[in-house]
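Open the model in your viewer and keep the selection tool at hand. This tour goes from one stop to the next.

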Amino acid sequence: LIVGGGYGGTKAAKVLDKHANVVLIDRKNYILHNIGSLRASVDTSFSSKIIIPYDKLLKFGYVVQAEVETITDSSVKLHGRDE
C-alpha cells in the first residue's frame, strides 16, 4: 500500500508492481509534473505534458482515487467510502 502518488510514490509503485500486489492511493487521478510547470508557462505546447494520468502507471497493481482518513496495522479508512 502506497499513500500518495507524487514523485516518490509513483516510482515506488512502478518498482514494486512486478513483485507485489501494489495499491496506490491518491486524491487525484494524475500526477502533476511540478518542475515542468515552469516550462509550460512559457511554452504552451508543453502544457499537455505536465499532467500524467495514473491509468497506465501499473500493469499488475491498481490505483485508487481517494483521500485517506486513518491507517492502522490492519486497515485503511478512506474518506466517504465504506469498503
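A charge sits over a ring if NZ of Lys or CZ of Arg is within 6 Å of the ring centre and within 35 degrees of the ring normal. Before the first stop, note that this is a predicted model: local features need pLDDT of at least 70, side-chain atom pairs count only at pLDDT 80 or more, and totals for chains, interfaces and linings use all residues. Residues are numbered from 1 along each chain as its sequence is written, and side-chain values use heavy atoms, with hydrogens and water left out.

**Stop one: Lys28**

Select Lys28 and Tyr30. The charged end of Lys28 sits over the Tyr30 ring, 5.7 Å from its centre. The term means a side-chain nitrogen of Lys or Arg within 4 Å of a carboxyl oxygen of Asp or Glu. Is Asp26 buried or exposed? Asp26 is buried, at 8% relative accessible area. Lys28 is partly exposed, at 31%. Here buried means under 20% relative accessible area, exposed over 50%, and partly exposed in between (1.4 Å probe, protein chains only).

**Stop two: Arg39**

Select Arg39 and Asp43. Their side chains form a salt bridge, 3.8 Å from N to O. Arg39 is partly exposed, with 46% relative accessible area. Asp43 is also partly exposed, at 24%. By this rule the salt bridges number two. Arg39 lies over the face of Phe46, 4.1 Å from the ring centre.

**Stop three: Phe46**

Centre the view on Phe46. Where is Phe46 found? Look in the loop between α2 (34-42) and β4 (51-53). Helices (H or I, at least four residues) and strands (E, at least two) are DSSP runs, numbered from the N terminus. Phe46 is buried, at 14% relative accessibility. Which residues does Phe46 touch, leaving aside neighbours within four places in sequence? They are Gly36, Arg39 and Ala40, where contact means heavy atoms within 4.5 Å. Next, draw a line to Gly9. The C-alpha atoms of Phe46 and Gly9 are 24 Å apart, and the two residues are 37 apart in sequence.

**Last stop: Val3**

Select Val3, in strand β1 (residues 2-3). Val3 is partly exposed, at 45% relative accessible area.
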